[in-house]
Amino acid sequence: MEGTTRFLVGEEWAGRRLDEFLAGRLAGLSRMHIASLLARGACALNGEVAAAGRHLCHGDVVTLETAAAVSNSMTPEPSPLEIVHEDEHLLVVVKPAGVLVHPTLGVKLGTLANALTYHLNRTLIEEEGGALPGPPPESPGAQPFIRPGLAHRLDRDTSGLLAVAKTQAALSRLSQHFQRRLVEKRYVAVVGGLVREEALTIDAPIGRDEGSRPPWGVLESGRAAETHLRVRERGARRTLVELEPVTGRTNQLRIHCAHAGHPVVGDRLYGGEAHARLCLHAARLALRHPATNEWVEFSSPPPPELVSALV
């Protein structure tokens, strides 16, 4: 079996693991073969490389590349990183707009994950005399290859703060905190039009309709989604707002702003006014440190090209 295979997840598979889904749909492949494909980044969920344990939702799109080995997020690439915080357990960086967090089936390199892999393994790579093609084999006494653990993500065109685990224990703890909504996130955005209220809550379910473009949007049959919006500043015809996602649905902030009649400037997908970039930035991240359980807060000011969009 070679090539690319695409599946649409039906209701009967909602809540099941990705590897279970593939085993059920690909009777011609062994569990070991499927595990190998997943391990080397050959499977994407809604366009992003996904791990075996990802749980599926009705309407998800699974794409499996079965032809040849592909570069994945463990391929190190030297790229500049804006580091806000780093210790032996946790790294917090600012992702630029236009950069993917993870490789996709169409984009193998140039992602934040590739840059993080290089940064976390720089000493090992230098000892080997250059960039490694992937994680080196384990050997007794060897310096361990550090795999960046990403418990959350940002859209390609969104900039801002991302927390990265440097150990498996830290990733497990961070993932639990994100799943239990124990993390505080704040975004700033420039939206079209003047928001009259000082604050409002947008409560509208988000789901996927494969026959629509864009496929993700407000649907009665979708999953519950809630966003708090607060006005920071009003321009002559646009508004600078702070957004707090209570839930974490796909494209939630962009969809909710558009649903409220104020699409994010630069968001061509959801009807926003044209601009050089999507005017959405993850400006604040607060969480329990995965090793000490201490409450830590990080901030990143909105970049100038976003602030200049307020007119």
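In this predicted model, four strands form an open sheet in the order E1-E4-E2-E3 with antiparallel pairing, where strands are DSSP runs of E of at least two residues, helices are runs of H or I of at least four, both numbered from the N terminus, and two strands pair if DSSP finds at least two bridges between them. The edges are formed by strand E1 (4–8) and strand E3 (48–49), each of which pairs on one side only. Between E1 and strand E4 (residues 61–65) the antiparallel pairing extends over 5 bridges, and Leu8 stands opposite Val61 in E4. Helix H1 (residues 18–25) packs on this sheet and touches E1, strand E2 (43–45) and E4, contact being defined as heavy atoms within 4.5 Å. The direction of H1 makes about 110 degrees with that of E1, with axes fitted to C-alpha atoms, for helices over the stretch in contact, and angles running from 0 to 180 degrees between N-to-C directions.

Residues are numbered from 1 along each chain as its sequence is written. Local features need pLDDT of at least 70 and side-chain atom pairs count only at pLDDT 80 or more, whereas totals for chains, interfaces and linings use all residues; side-chain values use heavy atoms, with hydrogens and water left out.

The second largest pocket has a volume of about 270 Å³, a pocket being an open set of points on a 1 Å grid over the protein atoms alone, where a 1.4 Å probe fits, with protein on both sides within 12 Å along at least five of seven lines. Grid points are joined across faces, edges and corners, and the volume is the space filled by probe spheres set on the points. The lining, made of residues with an atom within 4 Å of a point, comprises 17 residues, of which Pro80, Glu82, Val94, Lys95 and Pro96 lie nearest the centre. Strand E6 (90–95) and helix H3 (112–120) each supply at least two lining residues.

Val94, which lies in strand E6, is buried, with a relative accessible area of 10%, where buried means under 20% relative accessible area (1.4 Å probe, protein chains only). Val94 touches Glu82, Val84, Gly160, Leu161, His281 and Ser300, not counting residues up to four places away in sequence. Val94 and Ala283 are 189 residues apart in sequence, yet their C-alpha atoms are 9.2 Å apart in space.

Helix H3 is largely enclosed by the rest of the structure, because 9 of its 9 residues are buried. The elements covering these buried residues include strand E5 (82–86), E6, helix H4 (122–127), strand E7 (149–150) and strand E8 (159–165).

Definitions and conventions
Buried < 20%, exposed > 50% of the residue type's maximum accessible area, 1.4 Å probe, protein only.
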